[in-house]
Amino acid sequence: MGKVARPIRKQIATSFYLILIFSIVATALTWGILLLLLIFQSNNMNPANYYEQQIPRIVKEIDQDGDRWVRIENQAKLEKKIPLDGLEYQVLSKDGSFLFGSMKKEYVKNERELVSSFNKNIYDKDRIIVMHPLFNQKKEQVGAIGFRYKLSLIGANPEKSLLLGALLILSFACPFIYFYLFSYLIGKRFSQKIEIPFQHLMEGARKIQTQDLDFQLIESKSSKELNQLIRSFEEMRLALRESLLRQWQLEEERKEMVAAIAHDLRTPLTIINGHIEGLLAGGFHNTERLTRYLQTIESSTKRSIRLIDQLNEVSAIDRSDFTIEPVLVDIEEFIKNKVEEYKVLCSKKQITLRYSIKGKEKMKMDPYRISQVLDNIITNSIRYCSEKGRIDWDTTIGYGTIIFEIMDNGPGFKSEVTEKVFDKFYREDESRSGKEANFGLGLYIAQTIVKKHHGAITIQNRPEGGAFTKIIISEMT
């Protein structure tokens, strides 16, 4: 079983924790290494209080001859006793005035402040200042000497200040360096995981722009959100592909429809034109020919009008806003009225029309549209039945549905094309079309109306010969 993709939020949180843990561990290791280096170098370095330890020695050497060291001419000798690389000094008079020294800043202003500073440290930021009195041979105070120093390894080891400074900076900077380093490495790994599906999405978007929809996006294991995005994108691609295929199909249907309309209109119009030319050539002087020509012109004109009417009907039912208007209908009365209409048509060919009704419920349906459906089916049966043929029409009403079953003993359909008879402009050969070829729109209109009634219509051949049509419609609300 494959690895389950986790949400991006959890992956980001996990990445942050890994960065933090790796940075802490690496920093701890670095600090340990730096500490070991300091331990190994400790024998070659002065301690942090090295210069503080030098002050008692210096004071002891100059303590018995204080009046000598307050004179500026002895500055050079005094400085030989003081390690000036890490220790600053100043010599003050008895009243606290500055006499000379490497430390120019004044920390006392008068004799009183000077005396009070002998037993305590003076602090100047990270530096410490100590004052010691100077006495002459008579044990009289003649002045004071002050020292300034730092308690630090760098201050105690000026010759290694660069090395120690670098180590100090490194010790403080290494947490940030490691955090940045691991952020880059883990972030790069995380970005690589999500870049691939994003690249696939961008490539898919470019293909869609060129109307290339024959590709498939594979779900990624990088994150749950990306998988949701990929699934949504794939659903959009499939919808666009279906829409585009439907558009192409509609375009093909439009071309076929235009060709079929041109073909169906050309025949009657050619007939009309030919007969009019015959009449203009003098045929109207012959009464018999005039009557025959006018009858032919009339029938061809009616055929053209019938085609235009059916085209208008198809255009109406194909509209997205096409709706039916259901009303409460007495089904038995509705069928009996239709039977009376069809019997008039059947009488011309001496066709027997038998009907039966099971159930007497009133139901809601659109009687005008259902009449259109029945007209298409039964008039087709009348057209294709031979003289003295037979049509059976059985109706079953109940459980919110109406079932119409219509059978004739005509030539039937070719068994392999019964599903195509509902296509626009579909017509069979002469076995079913006969002399009075229709336009191939009636059954398409019938099927569309039945579907609007939440029903279904099927057509098949009877084993004993002839066509069998079954229509099921549901009661409308």
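Which residues are linked in a network of salt bridges? The network comprises E88, K105, D124, R127 and R148. A salt bridge is taken here as a side-chain nitrogen of Lys or Arg within 4 Å of a carboxyl oxygen of Asp or Glu, and the structure holds 17 of them.

This is a predicted model, in which local features need pLDDT of at least 70 and side-chain atom pairs count only at pLDDT 80 or more, while totals for chains, interfaces and linings use all residues. Residues are numbered from 1 along each chain as its sequence is written, and side-chain values use heavy atoms, with hydrogens and water left out.

| Pair | N to O distance | Elements |
|---|---|---|
| K81 and E61 | 3.6 Å | helix α4 (residues 75-81) and helix α2 (residues 50-62) |
| E88 and R148 | 2.9 Å | strand β1 (residues 88-93) and strand β5 (residues 141-150) |
| K338 and D375 | 3.0 Å | helix α10 (residues 331-347) and helix α11 (residues 367-384) |

The salt bridge of K81 and E61 ties together parts that are 20 residues apart in sequence, because the two residues lie in separate helices, α4 and α2. E88 and R148 link distant parts of the chain, 60 residues apart, and K338 and D375 do so across 37 residues.

Accessibility is classed as buried (under 20% relative accessible area), exposed (over 50%) or partly exposed (in between), with a 1.4 Å probe and protein chains only. K81 is partly exposed at 26%, as is E61 at 37%.

Note on methods: Helices (H or I, at least four residues) and strands (E, at least two) are DSSP runs, numbered from the N terminus.
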